[in-house]
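Please keep the sequence and the structure open while reading.

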Amino acid sequence: MSAAAEPLVTVATAVYNGEDFLAECAESVIQQTYSNWRYYIIDNCSTDRTPEIAREIASRDARIQYKRCEDFVDVNESYSRGFAAVDPDASYLKIVDSDDWIYPECLERMVALAESEPTVGMVSAYRLNDARGATMVDLVNLPYTESTADGREMIARSLVSRVSLLGPPTALLWRADLVRARQPFFDAKFRHADDDANFWTLMQSRYGLVHQVLTYSRGHGASETSLSDRLAAYAPERLRMIIRYGPQVLPEEDYQKLLRERIDEFLAYHRRLFVWWHLKSHFRKAWRPEVQARREFHRQEVEWMAEEAPDSPEVQRMARIARVLLR
């Protein structure tokens, strides 16, 4: 297929202080076997050599544009700048995080699958995941004989799973019309806004998987703890996903059972912290800032859960107990 006949793909990288890996990331886009793309490097107020590196990259190919933003924003707003970059005439959007890269056939294979079935709104592929120093291939979430699945079935499987089945933005290709239909594409009320955006997309469409390793996610060492880990953000946000999407994708009995299980786990976690906080007072001074940030984060999560399900006795009971434990 000639470049003129290929659907246009917008590729975007939102970057902050990415001097170590940005060149490798951008080179992986430039080396794609698929040629009809436009690439936007969006700089979130970097203070290192990122601007110099990005300008040099953009000077090499007319399909690449560099945009420097002078106001610093958080990670989800930075992603939103990438989603907003989608060209009016683009058929697909591909995000590549600045410390990741994609294999040469990534766009070609993902677009081919999406073009073969117009009801597919999001395409993934196997990923080489360098997580915490242990490199593995993951996102192998469909039988090899199946390349697409019902979107709501994938959400249901994801809600029950303890690990991500869909992967981060680098692992995915979205149909541009769906991205345009939801602005901002990432809900700022979620720290893991990519999960929510993926579920929203799959409520409208089918899921596609290329049975080939096409993306790479870089880990940052087993000793490095992310902000999400420090906030213990995964459990409350997954509970919020269950509350938001579970009634739409799970049988009522299965939804209520899963909801009760995850609520019980959430409250048990905070009961343990409550005892620690009130009885181990001699640790408070040293740990107070980090523990307090976690408590504040979870307090807000509880209020959003209560707002999401005002008619759910289980959710409202959880909120009442959690408010006491987190006061």
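**Cavity and helix packing**

The structure, a predicted model, holds one cavity of 30 Å³ or more. The largest cavity has a volume of about 40 Å³. Helix H7 (residues 193–204) packs with helix H5 (residues 151–160) and with helix H9 (residues 234–249).

**The cavity lining**

- Ser158, Val163, Ser164, Leu165, Leu166, Asp195, Phe199 and Arg238 line the largest cavity.
- Four of these lining residues are nonpolar, two are polar and two are charged.
- Among the lining residues, Ser158 is also part of the H5 side of the contact with H7.
- Phe199 lines the cavity, meets H5 residues from its place in H7, and belongs to the H7 side of the contact with H9.
- Asp195 and Arg238 also line the cavity; Asp195 is on the H7 side and Arg238 on the H9 side of the contact between those helices.

**H5 with H7**

- H5 and H7 pack at an angle of about 145°, and their axes are 7 Å apart.
- From H5, the residues in contact are Gly151, Arg152, Met154, Ile155, Ser158 and Leu159; from H7, they are Phe199, Leu202 and Met203.
- By class, this contact has six nonpolar residues, two polar ones and one charged one.

**H7 with H9**

- The angle between H7 and H9 is about 5°, with the axes 11 Å apart.
- The two helices are therefore roughly parallel.
- On the H7 side the contact involves Asp195, Asp196, Phe199, Trp200 and Met203, and on the H9 side Arg238, Met241, Arg244, Tyr245, Gln248 and Val249.
- Six residues of the contact of H7 with H9 are nonpolar, one is polar and four are charged.

**Helix H1**

- In helix H1 (residues 22–30), Leu22, Cys25, Ala26, Ser28, Val29 and Ile30 are buried.
- These buried residues pack against strands E1 (9–15), E2 (37–44), E3 (64–69) and E5 (101–102), and against helix H2 (50–59).

**Backbone features in loops**

- A cis peptide bond, with omega near 0°, joins glutamine 183 to proline 184.
- Proline 184 sits in the loop between helix H6 (176–181) and H7.
- Leucine 139 is not a glycine, yet has a positive phi of about 65°; this residue lies in the loop between strand E7 (134–138) and strand E8 (148–149).
- Leucine 139 counts as buried because its relative accessibility is 6%, under the 20% cut-off.
- Alanine 232, also not a glycine, has a positive phi of about 50° and is found in the loop between helix H8 (227–231) and H9.
- With a relative accessible area of 21%, alanine 232 is partly exposed.

Technical notes. Residues numbered from 1 in each chain as written. Predicted model: local features only at pLDDT ≥ 70, side-chain atom pairs only at ≥ 80, totals over all residues. Heavy atoms only, no water. Axes fitted to C-alpha atoms, helices over the stretch in contact; angles between N-to-C directions. Helix = DSSP H or I, 4+ residues; strand = E, 2+ residues; numbered from the N terminus. Contact = heavy atoms within 4.5 Å. Nonpolar A, V, L, I, M, F, W, Y, C, P; charged D, E, K, R; others polar. 1 Å grid on protein atoms, 1.4 Å probe; cavity = no way out; pocket = protein on both sides within 12 Å on 5 of 7 lines; lining within 4 Å. Points joined across faces, edges and corners; volume = space filled by probe spheres on them. Parallel < 35°, antiparallel > 145°, perpendicular 65-115°, else oblique. Buried < 20%, exposed > 50% of the residue type's maximum accessible area, 1.4 Å probe, protein only.
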